[in-house]
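I opened the notebook today to look up the metal site, the contact between the chains and the charged pairs. My entries follow the order in which I checked them.

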Amino acid sequence: MSAPALDVQGVSVAYGGGRLALRNATLALQPGRICGLVGMNGAGKSTLFKTIMGFLPPLRGQVQVFGEPVRQAQKAGVIAYVPQAEDVDWDFPVSVRDVVTMGRQGRMGLLRRPSAADRDAVQAALARVSMTDFAERQIGELSGGQRKRAFLARALAQDARLLLLDEPFGGVDVGTSEAITGLLSDLADSGRSVLVSTHDLGTLETFCDDVALIADRTVLTVGPTAQTLTAGNLARAFGGRSPLHDPARIPERALEVR
Amino acid sequence: MDALLAPLGYDFMLRALLVSSLVGAVCAVLSCFITLKGWSLMGDAVSHAVLPGVVLAYLLNLPFVIGAFVFGLISVSAIGFIQSRSRVKEDTVIGVVFTALFSLGLVMISRVSSDVHLSHILFGDVLGISQNELWQTVVAGAVALGAILILRRDLLLYVFDATHARSIGLNTGFLYAALLVILALTIVSALQTVGVILVVAMLITPGATAYLLTDRFSRMMWLAVATGVLSSLLGTYVSYFLDGATGACIVLTQSVLFGLAFLFAPKHGQLARRRQQRLEREAELQG
Ligand SMILES: Nc1ncnc2c1ncn2[C@@H]1O[C@H](COP(=O)(O)OP(=O)(O)OP(=O)(O)O)[C@@H](O)[C@H]1O
Ligand SMILES: [Mg+2]
């Protein structure tokens with residue numbers, strides 16, 4: 001069998017010298033699949049992304065991407081990462097197109113001049129998230145949702161085999177949200193693997209092949225959506241505040257899978 | 001008329017114009033990165049910290065650029081070392097380190113000799129630049145410029161979004177170090193023209209002016225170079241009539257250009273902003 005797209009094995013990390021932010025987390029993602037990452041605020045989703053990317057060095061355990069150490073995979077341009085919130089200067093003198101072009105930079109030559117193929121990929125990525133009309137805007141001149149789409153386009157332009165998306169649905173409207181799920185399904189159809197965190201339990205079923213439940217700083221369970229998204233598991237992941245305790249908040253489809 | 005053209009008849013003037021415009025161009029290109037990265041204080045720090053290096057180079061009979069460059073590197077390493085090993089904030093560490101090295105330089109000058117012209121080091125003396133110093137300046141400036149131009153896009157990405165730079169496999173540690181080394185080299189090349197105290201102006205003002213004029217980085221670079229070179233030429237020329245203070249004249253010209261951009265820049269200037277606000281309010285009241 002070929003190596004998993006992503007293999008997180010028994011990873012523990014801490015911020016600074018403090019208590020563990022992730023305890024013995026294990027998760028594997030096979031090529032061509034979409035895995036939804038769900039859990040309460042502060043459960044450790046973003047921490048898991050940062051650990052996978054090597055921004056937080058694991059105290060224990062290891063992470064591999066397509067059978068390689070992460071740094072090597074990054075150098076090969078295999079991983080695209082879109083953080084939950086971009087930590088950039090929004091007044092920076094770059095246009096949306098410039099930002100999306102940065103997704104291609106790793107594969108450009110010595111002087112990093114975009115080739116015709118790079119420009120085409122950028123154009124296609126912009127179109128894919130309906131940002132073509134905003135391409136020449138300075139990046140600060142966008143709404144919150146448009147900013148998210150611009151950075152998603154950058155990840156698309158990178159044409160990576162593994163995409164790590166930390167809450168791409170946060171703060172985007174319903175139409176955009178549907179567009180993004182469609183986009184992720186297309187990516188998976190073309191063989192890419194996606195790890196995507198979300199708080200929208202209701203849509204998980206529609207586009208995720210797998211679900212990973214994360215709670216209390218570790219991965220509780222991970223597996224095919226239908227088997228994993230059970231009432232019992234959800235109750236464990238969401239504790240006393242389980243959406244199941246509040247019928248008004250239960251997403252219908254999450255209930256159906258019981 | 002003849003009086004106005006007179007300066008151009010002198011070799012030393014032509015040399016000064018040439019050197020100062022080269023320095024103006026190199027500093028201007030770098031200033032785009034320094035201002036966007038928020039490293040103005042770092043620029044000020046490195047420029048002051050090279051003083052002991054200049055004095056030492058004089059004592060050991062070495063080219064001044066070498067001494068200055070070495071102390072530039074010592075200062076950034078010391079800053080990085082102390083910062084990573086203490087809870088003191090970065091700007092405080094920078095302040096502590098550069099004032100220490102600058103003071104060390106002053107003490108060395110007062111102890112060693114009256115041959116070292118303190119005022120020339122502090123304020124530059126491009127009108128009196130020797131052939132030897134000219135070459136050192138040109139080489140340091142050319143190497144810095146070449147490095148920036150080659151690394152330009154990676155440096156830009158690093159300054160804008162280091163997380164992404166690392167994600168796509170760039171070596172961000174190298175880019176950080178490269179930017180610091182280029183900073184030190186550029187400062188070294190500007191010493192003869194504007195001196196230790198005013199170098200920082202060359203490293204930030206053209207970038208700041210250009211930033212007010214455009215929202216595109218490539219245009220920002222060209223605009224910065226244009227204001228940098230124009231200021232160097234005008235400032236040097238004017239200083240002929242004042243018989244000195246060339247560095248200060250250059251920096252003053254840059255400041256005037258910044259002031260003009262601050263007021264009159266097409267989109268980000270004060271007047272344009274006010275007009276824009278008024279138009280928006282009126283449109284809203286009408287609608
Ligand atoms: N920079 C940091 N320094 C210290 N602790 C942190 C830091 N970032 C997060 N934490 C802690 O680590 C834990 C996990 O945080 P994380 O950001 O991974 O949560 P999350 O699952 O992404 O939550 P959310 O749904 O709100 O995005 C939390 O308890 C949080 O307080
Ligand atoms: Mg998060």
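The entries below start with confidence and then go from the ion to the interface and the salt bridges.

**Confidence.** I noted before anything else that this is a predicted model, with scores of ipTM 0.90 and pTM 0.91. For chain B I found a mean pLDDT of 93, with 99% of its residues at 70 or more.

**Magnesium ion.** I asked which residues coordinate the magnesium ion (ligand 2). They are S46(A), through OG, and Q84(A), through OE1, at 1.9 to 2.1 Å. I then placed the two in the chain: S46(A) sits in helix α1 (residues 45-52) of chain A, while Q84(A) belongs to the loop between β6 (79-82) and α3 (96-101), so that the pair links distant parts of the chain, 38 residues apart. Looking up accessibility, I wrote down S46(A) as buried at 19% and Q84(A) as partly exposed at 36%.

**Interface of chains A and B.** I recorded 25 residues of chain B in contact with 34 residues of chain A, and a buried area of about 2400 Å², of which carbon and sulfur atoms give 56%. Turning to the polar side, I noted 14 residue pairs in polar contact, both residues being at pLDDT 80 or more, and three salt bridges across the interface. One of these salt bridges joins the side chains of R112(A) and D154(B), with N to O at 2.8 Å. On the side of chain B that touches chain A, the elements giving two or more residues are α8 (131-160), α9 (162-167) and α11 (217-242), and α8(B) gives the most, with eight residues.

**Salt bridges within chain A.** D216(A) meets R23(A) at 3.3 Å, N to O; because D216(A) lies in the loop between β9 (210-215) and β10 (218-224) and R23(A) in strand β2 (residues 20-29), the pair ties together parts that are 193 residues apart in sequence. D216(A) is exposed at 51%, whereas R23(A) is partly exposed at 32%.

For E86(A) and R154(A) I noted a salt bridge at 3.9 Å, N to O, between the loop that joins β6 and α3 and helix α5 (residues 144-158), 68 residues apart. Both E86(A) and R154(A) are buried.

My last entry is E136(A) with R97(A), whose closest N and O atoms are 2.8 Å apart. E136(A) is partly exposed at 47%, and R97(A) also counts as partly exposed, at 25%.

Key:
Residues are numbered from 1 along each chain as its sequence is written. Chains are lettered from A and ligands numbered from 1 in the order in which they are written. Side-chain values use heavy atoms; hydrogens and water are left out. pLDDT is the predictor's confidence in each residue, from 0 to 100. Donors are N, O and S atoms within 2.8 Å of the metal (3.2 Å for Na, K and Ca); water is not among the atoms, so sites may look incomplete. Helices (H or I, at least four residues) and strands (E, at least two) are DSSP runs, numbered from the N terminus. Buried means under 20% relative accessible area, exposed over 50%, partly exposed in between (1.4 Å probe, protein chains only). Contact means heavy atoms within 4.5 Å. Buried area is the accessible area (1.4 Å probe) that two parts lose on being put together, summed over both. A salt bridge is a side-chain nitrogen of Lys or Arg within 4 Å of a carboxyl oxygen of Asp or Glu. A polar contact is a pair of N or O atoms within 3.5 Å; within protein, one must be able to donate a hydrogen and the other to accept it, and residues adjacent in sequence count only if both atoms are side-chain atoms.
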